[in-house]
Amino acid sequence: METTKKPIILIVDDVPKNIQVLGTLLAKFNCELAVAMNGQQALDTVAKIHPDLILLDVMMPVMDGHETCQRLKSNPETKDIPVIFLSAKTESEDIVKGFELGAVDYVTKPFIGSELLARVKTHLSLKKAQQIVEEEVNTKNKFFSIMSHDLRGAFGIIMSFVELIQVNREYLTQDEIDELLNDIAKTSKNTLGLLEDLLKWARSQTGAIKFNPEKIAIKDLFIEVCQKQKDIAQAKDIQLSSSATEDKVIVGDSNMVLLIIRNLIANAIKFTNKGGKITVSAEDTGDFIRTEVTDTGVGIKPETISKLFCIDSKVSTTGTDNEQGSGLGLVLCKEFVKVNGGKIGVESTLSEGTTVWFTIPKYKEEE
């Protein structure tokens, strides 16, 4: 089970009684507490533990709160840590100076416990939200870097093949020209697939793809997808079968769920050797219908499984018959499963096969 890291709050005050009072108040939060008795100690402590929030007294020996805050904000490593000044100084110029130095809040002593707790809670929430946004931006920037690299590489290959034909046409045999044209067609097809998946993902992120939940018999979706994938499976002599009873009914967006199933079956075909077997099944787990696509393919390394659904760790592997992919299929599946209120996961054993499963809320008759 994933655990949430407790936020760390650093209390900086030279009066032990004040530290005790603050510690008692903050004990109501599920947080870790650290203490410093002056500004220099605070800087040393911050360098070691990097707290999520600092409660900083203004008047202290060795280094006062103003200088401490100034040093924190001038350091790229600590400038984003929110600082709340705690001070007996109530003059407006002192309060203004605190904000000018980069503090996010200013609480005057003696403070009201409930007010201080409310402000601490607010700034911890804002800090967490900021971190989430920054992580998402960094992840998507890395994703677009990967995609642009792949697109540049693909178009570079196409252009080099075309240039090869243009420059050497009189020296090439018809068979050699046909081979180069086949390579151009194959690379163009794969690049188009990458662009289509990229556009689908972008539309899912901007909300351009509307979510239209409805009552769906999962068996009907299995039949539709397997019928369309049958010829591809037969070309590799792969046995494709599905099983689901009429009572396995979900509430989801049919287009999204079809895309999920289609991607998972296409992946299974891609990584299953000739003569293999793929089964698609559904199970009632109570509040959800769990769909599984199981193959007898090559399997996935444990260290690769954790990267399959991450947009900043694009995993694209050549299939057993040299099939190419965009590496975005499972990322799209994860997005659409999430939109439909379910979860997705992978279980795999090398050289034996893989099961990719996902859940969608079960349809329940109104009582």
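Predicted model: local features only at pLDDT ≥ 70, side-chain atom pairs only at ≥ 80, totals over all residues.

Q: Let's start with helix H1. Which of its residues are buried?

A: First, the general idea: an α-helix has 3.6 residues a turn, so residues three or four places apart point the same way. Now the case here: H1 covers residues 16–26, and its buried residues are Ile19, Leu22, Gly23, Leu25 and Leu26. They sit on the same side of H1 because they cover an arc of only 160 degrees around the axis.

Q: And which exposed residues does the face turned away from the buried side carry?

A: On that face of H1 you'll find Pro16, Lys17 and Thr24, which are exposed.

Q: How do I describe two helices that pack, say H2 and H3?

A: Two packed helices are described by the angle between their axes and the distance between the axes. Take H2 (residues 39–49) and H3 (residues 65–74): their axes come within 9 Å and cross at roughly 25 degrees. An angle under 35 degrees counts as roughly parallel, and H2 and H3 are therefore roughly parallel to each other. Their crossing is right-handed.

Q: Which residues meet there?

A: From H2 come Gly39, Gln40, Ala42, Leu43 and Val46, and they meet Thr68, Arg71 and Leu72 of H3.

Q: Now the open sheet of five strands. What is the strand order?

A: The order is S2-S1-S3-S4-S5, with parallel pairing. S2 (32–36) and S5 (105–108) are the edge strands, each pairing on one side only. Ignoring direction, neighbouring strands of this sheet are turned by 20 degrees against each other on average. Zoom in on S3 (residues 53–57) and S4 (residues 83–87): these parallel strands are joined by four bridges, and Ile54 has Val83 in S4 as its bridge partner.

Q: Where do H2 and H3 go relative to those strands?

A: H2 packs on the sheet and touches S1, S2 and S3, its direction making about 145 degrees with that of S2. H3 lies across S3 and S4 and runs at about 175 degrees to S4.

Q: What about strand S9? Which way do its pairings run?

A: One general point to keep in mind: in a regular strand the side chains alternate between the two faces of the sheet. S9 (residues 277–284) pairs with S7 (residues 239–243) in the parallel sense over five bridges, and Ser243 stands opposite Ser281 in S9. With S10 (residues 288–295), S9 pairs in the antiparallel sense over seven bridges; there, Glu283 has Arg290 as its bridge partner.

Q: How many residues lie between S9 and S10 in their hairpin?

A: Three, and Gly286 in the turn has a positive phi of about 115 degrees.

Technical notes:
Residues numbered from 1 in each chain as written. Heavy atoms only, no water. Buried < 20%, exposed > 50% of the residue type's maximum accessible area, 1.4 Å probe, protein only. Arc of directions from axis to C-beta. Pairing = 2+ DSSP bridges. Axes fitted to C-alpha atoms, helices over the stretch in contact; angles between N-to-C directions. Parallel < 35°, antiparallel > 145°, perpendicular 65-115°, else oblique. Left-handed = near helix turned anticlockwise from the far one by under 90°. Contact = heavy atoms within 4.5 Å.
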